[in-house]
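Keep the viewer open as you read.

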Amino acid sequence: MGLDIRIPIGLMFSIFGVIITLYGFFTKANTELYNRSLHVNINIWMGVIMLVFGIFMLLLVKLAKKPKE
Amino acid sequence: MLKLEWIDYLIMGVYFLFVLGIGWVLKKHMKNASAFLEAGRSMPAWVAGLAFISTNLGALEVMGMSGSGLKYGMLTTHFYWIGAIPAMIFLALFMMPFYYGSKARSVPEFLKLRYDEKTRGLNAILFAVMTILASGISMYALALLMNSVLGWDFNMSLWASAAIVLAYTYLGGLSSAIYNEVLQFFIIVIGLLPLVILSLMDVGGWGGLKEHLATPGVLPAGFAPDTWTTMWSHTGKATGNPMGVEWYGILFGLGFVLSFGYWCTNFLIVQRAMAAESKAAAIKVPLIGALPKMFIPFLIIVPGIVALVLLKDPASGFTLPVNEVGQPKYDYTIIALLQHYLPTGVLGLGITALLASFMSGMAGNVSAFNTVWTYDIYQSYIRPATNDKEADGKHYLTVGRVTTIVGVLLSIAAAYIAGKFGNIMDFLQTIFSMINAPLFAVIFLGMFWKRTTGHAAFVGLLGGFIIALLHHGLTIPHGANTMFKGGWIGVIHEYPVEMAQNFWTAIYAFSSSVILTVGLTYLTKQKKSDEELKGLVYSLTPRENVYVKEWYNKPVVLAAIVGIVCTVLTIMFW
């Protein structure tokens, strides 16, 4: 149906990853914020996980296209 | 009240853009009714497989199952391992070849091909009503949650969430619903992931959780200390576990009748597999869906169990709102946990995950309603197909589009009725859940016994439903105070809990439907010839030997992997 769903998934999670990682980085010193998450900077962790996942999805698309060229 | 920051709204906004964008991209492909209502039968197996599981992972499922984690512990996992996996394997290997191969566009249409018009009509009308109710109820639950936890306006939440679902299903039909369900699946998993990690870290892992639960006073009196962390160990007696059901009740009620009734006949689910690009892909769809399905309990039930520990520890600061009679509102478990553990940033992601689960469930309802209304009611009874295929395709596309709008509006109306008469809506939902068990009996007999006749199927469908109603009217769960819970005819039996009553209702409905259908089949004449039943009945369908090169693509291999993993998980949490 003319849509490779991996592209929007990859793009969206890459965007989420960048936003959340940056936010986690800039709020690193805010101990009050991370009291809830047991003093873990969960934003940086989840941000990196999402970025890796997003890039992985986009790589899959790229790899799938290559053999046809 | 939970306070969201700009970053949380930014995450939500990006998500909405992508959801609507997918609908927009697909718009140009919507040239006829088949593209709009059947996704042109073009979905790869993995896409349809994830959509298959995602549409089931609606807001009521996520909220309800984590609440059940708190209420019943790991026993809730019965709804996944025994209560879904065997039925999904059965659907894939034994039923999908006929559903897909029959070229039926819906489950009611399959009934028409296999039996007759009246059986299709009965099922189509009940299904259409049930789907609208279910979507209204989940919409109401979501808007209420957003209102009480985030302080969003109830009406705004209701209309805005409905408008987004309407927009992308109107633009791209079933394809848009399916593609978005895949996207939503990943958001639900990734958005709830930090909750699992943090909640388990907090109690010291699975071992720590067990120790906390064994502390006196955490579990209700009368249960063994490991009742909340095991599945089968305490099902020898109904009084030994909080569900109040013995192992055989779970095995037959949930594991057989309820789960096969739901997974093998509910068009909402089956539609995803019917949209696959080939018969081989359609067979793989439920198996691919089963793989992630097995692990969803860790995502939503385990945090619910941690919530019980937090609730009993005043120092944790974790609370749940209570209802008029002082009972905790279990449905609030997941959002209370999000609030408890997640800081600004991932919190937005968690809320987005809840919204995504709502949308995947609702879009599923809307797209299934659309197809059943357009093909099984409108095309059958109002405007039959003509000889001009092309004009028909355009005409039914328009009808499908209009039905999308009408379906969403009806859901909104149902949501307001649910808000006003919650009891009646629960009651109606209980009643409609009674149609699944007889439906499974009738479809199963139809697929595997060529003798089964249309008259017998119709009576079996209706009779099973009536027996279920009578059972509900004659029994009552312990402590029930309204007639909506049962006993509205008179009470001849009392069940310890509501769940036991539900299981037994389904067992009675299924058994009576089988007896009626088989009995009447012998008394009535088969009107369909063997030639007409080819592709619909097991014994009349020639075996195709499809050669599959890769071992991992063979359905039997996939099914065996799913079965083994599920068995290992069950033993681990016995």
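Start with helix H5 of chain B, residues 81-101, in what is a predicted model. Once H5(B) ends, Lys103(B) comes just after and takes a positive phi of about 65°. Is H5(B) enclosed or open? Here 16 of the 21 residues are buried, so the rest of the structure largely encloses H5(B).

Now for the packing. The largest nonpolar core counts 220 residues, and Ala48(B), Val165(B) and Ile178(B) have the most contacts inside it. Helix H8 of chain B, residues 154-203, supplies the largest share of this core, with 24 residues. Domain 1 (6-420 + 559-572) and domain 2 (431-542) of chain B both contribute residues, so the core lies between them. Zoom in on Ala48(B) and you'll find, leaving aside residues up to four places away in sequence, that among its contacts are Met43(B), Ile178(B), Arg272(B) and Val285(B).

Finally, look at where the two chains meet. Chain A puts 22 residues into the contact and chain B puts in 32. On the chain A side, the elements giving two or more residues are helix H1 (6-26) and helix H2 (42-65). H1(A) gives the most, with nine residues. By type, that side of chain A divides into 17 nonpolar residues, four polar and one charged.

Conventions. Residues numbered from 1 in each chain as written. Chains lettered and ligands numbered in written order. Predicted model: local features only at pLDDT ≥ 70, side-chain atom pairs only at ≥ 80, totals over all residues. Core = buried A, V, L, I, M, F, W, Y, C linked by C-beta atoms within 7 Å. Buried ≥ 20, exposed ≤ 12 C-beta atoms within 10 Å, placed from the backbone. Helix = DSSP H or I, 4+ residues; strand = E, 2+ residues; numbered from the N terminus. Domains from an automatic or database assignment. Contact = placed C-beta atoms within 7 Å. Nonpolar A, V, L, I, M, F, W, Y, C, P; charged D, E, K, R; others polar. Expected span 1.5 Å × (residues − 1).
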